[in-house]
Each structure stands twice: as C-alpha cells, then as structure tokens.
Amino acid sequence: MKVDFIEDGHGSAVLLIHSTVAGNKQWRKLIEYLSPHYQVIAPNLFGYGSSPKWSKNRNQTLSDQVDLLRVFFDQNESISIVGHSFGGSVAMMAAKKYPEKIKKLVLIEPNPFYLLKNHSDPDSYQEVLNIRDIIKANAFKETWGQAAEQFADYWNGSGAWKKMDELRQEKFAEALKPNFHEFDCVINETTTLEEWRDVLPLNTHILFSEQTVNSIRKIVTIFEETMSNWTFHSYSEGAHMAPLTHPNIVNPIIHKILTEV
C-alpha cells in the first residue's frame, strides 16, 4: 500500500497523524513551525488524499492504520509522534507496535472511546455510540450531509454546520466518509489500560482543551487517574479542534515538548 504524505525539514523525525475529516492538511501551520528544526512527516490515513480507501471485508482496526504507516518506522531508527483525536489513537497503537522506535509521544485529545465502556459513567459511552450510529445509519442511506451536520455540531459546537457555506459543507461531508470505518477502530479495540501503561513510553504527553466535549474530557480523566508518569497540558481557549482553530496556542506547546531533554 502506498501512503500519501507531506514531508519537510531536516533533523529528528516527527510523524504527525491527523484527526477525522481534516486529513494531513490540518498540520500546515505546525509543519511550518517545526520544519526548521525537524524532519516532519504528515501522512494521510485510509481514505484521505491519495492514500488508499479501506477495502477489506472486515472491520478496520488501529493496527491496520499503523500498518499503512509502516514505511516511516522502517526508515527511522527513532521517531516522535504527534497525533490528534483519531490520530492520537492511531499514535498510541503505533507506539505499542514500535516501542523501541518512539522518542516522544504527544497525544492531542486522543479518542480511544472503548475505554469509556468500563472506566467511566455509561452516559459518556452512550454519547459516543449515538454519534457512531448516526454515521453508520446515514452512510447506508448515503445521506452524508445529515451525518456531517450532527458530527460537526458535536465536535465544533452547536450551529457549527450552519455556519459553513454550501461548498464547505459538501467538502466536509465527503471528507467524513472514512469515519465509517474509524469508529470501528476506537470502539472495538481491546488493549487494556494496564497494557497501555506498560507499553507506552514514559515520555507521553496529553494535550487537551478545558472546553472540549464531555467524552474526551472523560478519557483524559481516565488517563490522569491511571498514568501517573505521563505529562498533561491543558489550555483554556479552543475546543477539540484547537490544533486547527488555535494553532498559536497548541503549536508552541508541541514544539516545547519535542525540544525538551
């Protein structure tokens, strides 16, 4: 499989893994910020850009996404990873599969939603299942606009969809299609918290907005309560999509993490 990616800069390798809908273009500002000091690699996951669409007759897994990115781990003896949302969950699995390669792991509001099932109140988990069911149901009916409206309003705030012009809505709905498979990855994963604690590097950092959605805040709380060696960074502005809407806040934090000894 040939993965579509952007590469810029020289130095230690940093792999940027994007969120749902955004694709690797979400990292343009961060690439500009990091490329004078690092070799920055920003791939497109399944279904984004010219990366292949998911075509296997089974549920997609986080390991499948990591396998798509294998070339970057084969080519680098040491690599740091920055992952946002779904990209954060993929980054976790990459660090699990290539523990000897990972220098630093930076997770921006990762979404391993399956952890909510056994480690949080049932309302948080049901909140996520409701969004998943909306995506699945509208995909089968090919009414992606309806799914996109619900998805956009959940992650970006009520009324976010209506604030988009018609062209932006069309692009958003089209870009949402890979999420049909991505939900399988983060709902059906089985790696336990104890396993994550054992395999992920001590040099793991969680970034999150104090204004983020309930389900993500619950996941962050789970990590805060169980991963005592991790470092947590919060910011008051922005919400779940702060890497895109507030790069002036998020990017300096990432740069500082990468440069600290």
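**Exercise 1. Find how far apart the mean positions of the positive and negative charges of the protein chain are.**

Solution. Keep in mind that this is a predicted model. Start by counting: the protein chain carries 26 positive and 32 negative charges.

**Exercise 2. Check the radius of gyration of the protein chain against that of a compact globule.**

Solution. First, the expectation: for 261 residues, a compact globule would come out near 18 Å. Then the model: the protein chain has 17 Å, so the two agree. For the outline, the C-alpha trace spans about 50 × 40 × 40 Å along its principal axes. Inside that outline sit 13 helices and seven strands, and 55% of the 261 residues count as buried.

**Exercise 3. Classify the aromatic pairs Phe46–Trp54 and Phe151–Trp155.**

Solution. We need two values, since a pair of aromatic rings is described by the distance of the centres and the angle of the planes. The whole structure holds eleven aromatic pairs.

- Phe46 and Trp54: the centres are 5.2 Å apart and the planes 80° apart. Planes over 60 degrees apart count as edge-to-face, and that is the label for Phe46 and Trp54. Both residues are buried.
- Phe151 and Trp155: here we get 6.2 Å and 55°, a tilted pair. Both sit in helix α7 (residues 144–156), four residues apart, about one turn of the helix. Phe151 and Trp155 are both buried.

Definitions and conventions
Residues are numbered from 1 along each chain as its sequence is written. This is a predicted model: local features need pLDDT of at least 70, side-chain atom pairs count only at pLDDT 80 or more; totals for chains, interfaces and linings use all residues. Side-chain values use heavy atoms; hydrogens and water are left out. Helices (H or I, at least four residues) and strands (E, at least two) are DSSP runs, numbered from the N terminus. The radius of gyration is taken over C-alpha atoms; the globule rule is 2.2 Å times the number of residues to the power 0.38. Buried means under 20% relative accessible area, exposed over 50%, partly exposed in between (1.4 Å probe, protein chains only). Lys and Arg count as positive and Asp and Glu as negative; His and the chain ends are not counted. The place of a charge is taken as NZ of Lys, CZ of Arg, CG of Asp or CD of Glu. Rings of Phe, Tyr and Trp (its six-membered ring) pair if their centres lie within 6.5 Å; planes under 30 degrees apart count as stacked, over 60 as edge-to-face and the rest as tilted.
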